[in-house]
Amino acid sequence: MSTATVEEIAEAAAPEPFWSRQRRLGVALILIGLLAAALFGSLAPSETARFTLSEDAEGAALTINGQFGAILFGLITLAAGGALVAGVLKRFQNLLLSVGILTFVLSFLCWQVAGKFMPLVDTTSGTLQLALPLILGALAGVLGERSGVVNVAIEGQFLMGAFAGALVGTMATSVWIGMISAAVGGLIIAAILAVLSIRYLVDQTVVGIVLNLFALGITGFLYERLMQPDAQSYNTPPMLEKIRIPGLADIPVIGPVLFDASPLLWAGLALVVLIHFGLSRTRWGLRTRAVGEHPTAADTVGIRVRGMRYLNVLTGGVIAGLGGAYFTLVATGSFTKNMTAGAGFIALAAMIFGRYTPFGALAAALFFGFAQKLATFLSAVGSPVPSQFLNMLPYLATIIAVAGLVGRVRAPAAGGQPYIKS
Amino acid sequence: MTTETTTPQAPAAKGGPDGEESLLSRFTQNLWAANSVMVTILSIVLAVVIGAILIVVSDATVLAKFAYFTARPSDALTASWDLISVAYADLVKGALGDPEAFAAWFDGTGTWQQAFGPLSETLTYAAPLVFTGLAVALAFRGGLFNIGAQGQAVIGCITGGIAGFTFGLPVGLAMLVAMLCGALGGALWGFIPGLLKARTGAHEVITTIMLNYTSALLLSWLVLQKGIQDPDRTDAISKTVHEAAQLPSFGGVLRVHLGIVLAVLATAGVAWLLNRSAFGFELRAVGSNQHAAKTAGISVAKTYALLMAIAGGLAGLGGATQVLGTAYALTPAVAGNIGFDGLLVALLGRNRPWGTLLAALLFGALRAGGNRMQSYSGISLELVTVLQALIVIFIAAPALVKAIFRLRATRLTRPGASLVKG
């Protein structure tokens, strides 16, 4: 990004050691596996944990003894870590890692749910809902970042999108016009970001941060001047209805979550696939990546560097604006001041944690969404684990990821650097 | 950006035909040029104009008069003018003082405290901003973009506040210890990203953003814990800071406290550190070109870590000032937005210590005036946020201001960190 890092120095001093990435990951898994088996296992009451396949306590359920489950899954985590350290199954490293993390989470859940129940449908759909704006925001970030423009204004684009969607949606009494305005709202912030950073060469991070404050101010100002005095005519937008696909929606757990859902969710998931395909298989994607990695080389072969950057940042703005529409037109049905409350930064974290790839961002967004959902679930059942610490998870995970404690995240080489044609 | 490195003395010293210019003509030539003073003034003017447009656009009664603008333009124009002039007059009165209050003081019908109330408010709001602004400015000079001033200030609030209501020390010492604890807490929180940057190359923008939200969540958890929460209250508020630890103030209407004096001292300290000390030289060297600095034998890693710790300490002092001088107790929102505002303040002050102080005073004045504008003219305080963000956007893009006002190209390029990377 804007300033060069000192990683060259750190790396030059350390030749590829015995403690390779998988071994370090393995040790980390062994440690958390031990923690799970010992701590969660000893704390968990020996009662049944029920994971119901519905939205409440009724119906079929997966059950397991809480203490037994906590210890069992902890030991599996330990085993996965051991396999990584021992270096067996080298071809399935990522699988081992996923198994390790998954079983750690399961061990934690067994401890927390023992003697209670957890509705799986509610948890999954809640996770998806919380993850949806993160997915869209992270995609916006991916588009900008891969073309070499750092977008830290996702939060501002969310806010602008949420506000514009609510305002125009109400005035036009049409949810679709609301959605379009939300996209335009995101586009406005993206356009300012693009012009200032690409045309006027202002530091991209500086513009992004200032734009967040600008969006916070202007939406807050107009909210207090227009929406608060007359909510009826400015702040009661029609909401985007869920659509139920008959047949598919009857599949247990997945059906009600995926096929009785908001069209925005489908759009979000489709965009992940589309952008992944676009970035890896199309002319546009190749050019975008070229511009983001080595703009001079791209320019030499006739790619319009600034044009590509404008295109990507503005498209990102539209997507992030739709992510903002989630807050007003899908989730709540009205705008309030600073309603995104840092979601844009979690989306930024999801993008980095997902290694600047669409599917990585999707996985990270789902993980962060799950952490948030778990936080609300745990505080609802009166767990001793404070919800604030679970909410910290996305931020801490990102710090660990960028610090390279478990595998280094490599950003596009030209990210944050304006391109000046010489 | 093109850098014209001719010093202002050069033509005069040569005594050639260019050197014939009189001082006056050179002054007038430079006046309408894109020098930093002119850009700053014009940025403020632009922001105020856009703010005025926002005030009119968001007022339904005035807007209704624009409906028959072609028939009777005077109606709409006078109404707009009245609205804007009253609003901005309130802003100025709230920031600097109401002439009527001064008149009342001279008549004997009012007190001097009432007359100086607005000025006291300005200084009260400015004090923590000076610290957080310096935290950002200092780091920027070393080539680090410290977005974490918010988080560092929050940690400073926590440690300063806890020290303030825990230790029963005598007057003077208690305040000193509490301020020191605030500085130490902030320094620790700043040291983390500095260390990560130095050791692993993790980008400080990302780690500090993540630490901001982590600290906010930590604070919202902490104020509800036993030993910290006020035992007589059920809401999220801590015990009150001992009177001995509070920063002394005039009391009554005049809330201004010792913090502003400390802020001026801190500015002088930072100015000395930056321009006169060995470490200041090293950090400026690292900030201008870390590779050259490394070649010259400066430890880049050590400079980054130390620099972030000092910056964190300054922001922590800002947080402690807020708790010990104004709020007297911890709440989840006790730090407000001082860290992010500090970011804007540093950008407006062009990352120079005394510039930061002036910028903080301007922001404090806007904030104090905004309060009066909100209560007297009913115009949301958020307008101030918009104005602040706009000013900094224009400051950050001098080329934009130059283009709008058709300024001459500047003849003297001044040293110091420019926001525009080239």
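This report covers two chains, their contact and selected local features in a predicted model.

## Basis of the model

Residues count from 1 along each chain as its sequence is written, and chains are lettered from A and ligands numbered from 1 in the order in which they are written. In this predicted model, local features need pLDDT of at least 70 and side-chain atom pairs count only at pLDDT 80 or more, while totals for chains, interfaces and linings use all residues.

## Chain A overall

Chain A holds 17 helices and five strands. Helices (H or I, at least four residues) and strands (E, at least two) are DSSP runs, numbered from the N terminus. The radius of gyration of chain A is 23 Å, close to the 22 Å that the globule rule gives for 422 residues, so chain A is as compact as a globular protein of that length. That radius is taken over C-alpha atoms, and the rule is 2.2 Å times the number of residues to the power 0.38. The C-alpha trace of chain A spans about 65 × 60 × 40 Å along its principal axes.

Of the 422 residues in chain A, 54% are buried. A residue is buried if 20 or more other C-beta atoms lie within 10 Å of its own, exposed if 12 or fewer, and partly exposed in between, with C-beta atoms placed from the backbone. Two residues are in contact if their C-beta atoms, placed from the backbone, lie within 7 Å. Among contacts in chain A with a separation of 6 or more, 75% join residues 24 or more positions apart.

## Chain B overall

Chain B has 18 helices and two strands. The C-alpha trace of chain B spans about 70 × 65 × 45 Å along its principal axes. Buried residues make up 51% of its 422 residues. Of the contacts in chain B with a separation of 6 or more, 76% are between residues 24 or more positions apart.

Gly251(B) sits in strand S1 (residues 249-251). Gly251(B) is exposed, with 9 other C-beta atoms within 10 Å. Gly251(B) and Val37(B) are 214 residues apart in sequence and 37 Å apart in space, C-alpha to C-alpha.

## Where the chains meet

In chain A, 47 residues are in contact with 49 residues of chain B. Four helices of chain A each supply at least two residues of the side that touches chain B: H1 (7-13), H8 (204-227), H15 (343-353) and H17 (387-402). H8(A) gives the largest share, 16 residues.

By class, this side of chain A has 32 nonpolar, eleven polar and four charged residues. Ala, Val, Leu, Ile, Met, Phe, Trp, Tyr, Cys and Pro count as nonpolar, Asp, Glu, Lys and Arg as charged, and the others, Gly among them, as polar.

## Helix pairs in chain A

H2(A) (residues 21-43) and H4(A) (residues 93-113) have axes that come within 10 Å and cross at roughly 15°. That makes H2(A) roughly parallel to H4(A). Axes are lines fitted to C-alpha atoms, for helices over the stretch in contact, and angles run from 0 to 180 degrees between N-to-C directions. Angles under 35 degrees count as roughly parallel, over 145 as roughly antiparallel, 65 to 115 as roughly perpendicular and the rest as oblique. Residues of H2(A), including Leu29(A) and Phe40(A), meet residues of H4(A), including Phe104(A) and Trp111(A). The contact of H2(A) with H4(A) has ten nonpolar, five polar and no charged residues.

The axes of H15(A) and H16(A) come within 7 Å and cross at roughly 130°. These two helices are therefore oblique to each other. Ile346(A), Ala350(A), Met351(A) and Phe353(A) in H15(A) meet Ala361(A), Ala364(A), Ala365(A) and Phe368(A) in H16(A). The contact of H15(A) with H16(A) has eight nonpolar, no polar and no charged residues.

Thr173(A) lies in the loop between H6 (154-172) and H7 (175-199). Its phi is near 45°, a positive value in a residue other than glycine. Thr173(A) counts as exposed, with 11 C-beta neighbours inside 10 Å. Tyr356(A) lies in the loop between H15 and H16 (358-380) of chain A. Tyr356(A) also is not a glycine and has a positive phi of about 60°. Tyr356(A) counts as buried, with 21 C-beta neighbours inside 10 Å.

Ala401(A) is found in helix H17. Ala401(A) is buried, with 22 other C-beta atoms within 10 Å. Ala401(A) and Ser20(A) are 381 residues apart in sequence and 16 Å apart in space, C-alpha to C-alpha.
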